[in-house]
Amino acid sequence: QVQLVESGGGLVQAGGSLRLSCAASGRSFSINAMGWYRQAPGKQREWVASITSGGTTTYTDSVKGRFTISRDNAKNTAHLQMNSLKPEDTAVYYCNADAWAVVGGWGDYWGQGTQVTVSS
């Protein structure tokens, strides 16, 4: 199993910034891609950004130019720098990892989520 723990959420005014972090832990695991998803009240969970083990990044159109995903493979961490935040960015943000673990094999792992609220 791979455990993912997010941190860094909070309340911020429109135009402000937040930096989310995701830390992975477990016994004998290897992470391929990592990503961030979000779920706003009454809406389905949506993909926000992804980064491969080699550092290739992709973003959903609504956050391009405002959000930056990064990772530290040595520390098994990922981050999402969110700038120029808008009220429509308000959601619970989830970290995701496509990983292999000695217990469980390949799997899609999720964190518990961290709340981001952007006030207008």
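Modeller: The link of Cys22 and Cys95 is left-handed, with -80° about the S-S bond. This is a predicted model, and the sulfur atoms of the two cysteines, Cys22 and Cys95, lie 2.0 Å apart in it. A pair of cysteine sulfur atoms within 2.5 Å is taken as a disulfide, and by that rule the count comes to 1. The pair links distant parts of the chain: Cys22 belongs to strand β3 (residues 18–26) and Cys95 to strand β9, 73 residues apart. Both Cys22 and Cys95 are buried.

Strand β3 also holds Ser21. Ser21 has a relative accessible area of 17% and is therefore buried, since buried means under 20%. The side chain of Ser21 is joined to that of His79 by a polar contact of 2.9 Å.

Another buried residue is Arg71, which is found in strand β7 (residues 67–72). Arg71 has no salt bridge. The nearest side chain of opposite charge is that of Asp72, 8.1 Å away from Arg71, whereas a salt bridge would need a side-chain nitrogen within 4 Å of a carboxyl oxygen. The side chain of Arg71 does have polar partners. One is the side chain of Asn73, in a polar contact of 2.6 Å with Arg71. Another is the backbone oxygen of Thr52, which the Arg71 side chain reaches at 3.2 Å.

Back to strand β9, now for the loops on its two sides. Glu88 sits in the loop between β8 (77–82) and β9. Glu88 counts as exposed because its relative accessibility is 56%, and the cut-off for exposed is over 50%. In sequence Glu88 and Val118 are 30 residues apart, while their C-alpha atoms are 7.6 Å apart in space.

The other loop runs between β9 (91–101) and β10 (105–110), and Val102 is found there. With a relative accessible area of 45%, Val102 is partly exposed, so it falls between the limits of 20% and 50%. Val102 is also one of the residues in a nonpolar surface patch, together with Trp100, Val103 and Trp106. The accessible area of these four residues together is about 410 Å².

Terms used:
Residues are numbered from 1 along each chain as its sequence is written. This is a predicted model: local features need pLDDT of at least 70, side-chain atom pairs count only at pLDDT 80 or more; totals for chains, interfaces and linings use all residues. Side-chain values use heavy atoms; hydrogens and water are left out. Patches are made of residues with over 30% relative accessible area and no salt bridge: like charges are joined within 9 Å, nonpolar side chains (Val, Leu, Ile, Met, Phe, Trp, Tyr) within 5 Å. Accessible areas come from the Shrake-Rupley method with a 1.4 Å probe; for residues, only the protein chains shown count as cover. Helices (H or I, at least four residues) and strands (E, at least two) are DSSP runs, numbered from the N terminus. Buried means under 20% relative accessible area, exposed over 50%, partly exposed in between (1.4 Å probe, protein chains only). Lys and Arg count as positive and Asp and Glu as negative; His and the chain ends are not counted. A polar contact is a pair of N or O atoms within 3.5 Å; within protein, one must be able to donate a hydrogen and the other to accept it, and residues adjacent in sequence count only if both atoms are side-chain atoms.
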